[in-house]
Amino acid sequence: MGNQVTNIGGVLSAVTNTVAYTDSSAVTIGTIPANAQIVDINIDVTTAFNAATTNTVTVGKSGSAAAFVASTSVGSAGRANIATTGVYSAWADTGAAEVAVTATYGQTGTAATAGAMRVTVVYRSPAP
């Protein structure tokens with residue numbers, strides 16, 4: 001009885017969507033429930049973005065485009081590194097209302113003619 005472990009886990013779920021170089025505004029990745037905890041965010045660049053100067057993505061929500069991931073380079077194919085751009089303090093609890101997570105592609109210099117990525121947000125639903 002003193003050795004019992006209480007299960008405080010929840011169900012892991014994910015929302016995912018694609019973003020292309022032609023997306024000129026925020027793309028909704030999906031909606032996560034109130035009080036969810038973000039566990040991971042993956043940005044998988046399937047085709048490198050090729051704007052002349054910078055190619056970046058932010059992951060956030062309405063009113064704060066970079067709430068969950070600050071400006072991250074997407075100029076190379078592969079998984080983007082968010083080790084220093086993840087806003088991990090915002091991942092612990094998404095707040096009292098459900099959240100529509102968005103990804104926004106940004107570029108400078110000559111406009112991109114190629115680029116695609118898949119953004120996936122893995123989250124834990126709040127315990128019942």
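Which residues does Ile41 touch, not counting residues up to four places away in sequence? The legends below take that up, along with two other spots in this predicted model.

**View 1. Ile41 and the residues it touches.**

**View 2. The largest nonpolar core, with its 30 residues.** Ile41 turns up again here: along with Ile43, Phe68, Met117 and Val119, Ile41 is among the residues with the most contacts inside the core. As a bit of background, nonpolar side chains tend to be buried together in soluble globular proteins.

**View 3. Ala67, a residue of strand S5.** Is Ala67 buried or exposed? Its relative accessible area is 11%, so Ala67 counts as buried, the cut-off being under 20%. Setting aside neighbours within four places in sequence, Ala67 is in contact with Val59, Gly60, Lys61, Val87 and Ala90. Now look for Ala48: it sits 19 residues from Ala67 along the chain, and 24 Å separates their C-alpha atoms.

**View 4. Asn35, in the loop between strands S2 (27-32) and S3 (37-47).** Here's a backbone angle to check: the phi of Asn35 is near 60°, a positive value in a residue other than glycine. Most residues other than glycine have a negative phi. Asn35 has 37% relative accessibility, so Asn35 counts as partly exposed.

Note on methods:
Residues numbered from 1 in each chain as written. Predicted model: local features only at pLDDT ≥ 70, side-chain atom pairs only at ≥ 80, totals over all residues. Heavy atoms only, no water. Helix = DSSP H or I, 4+ residues; strand = E, 2+ residues; numbered from the N terminus. Buried < 20%, exposed > 50% of the residue type's maximum accessible area, 1.4 Å probe, protein only. Core = buried A, V, L, I, M, F, W, Y, C linked by side-chain atoms within 4.5 Å. Contact = heavy atoms within 4.5 Å.
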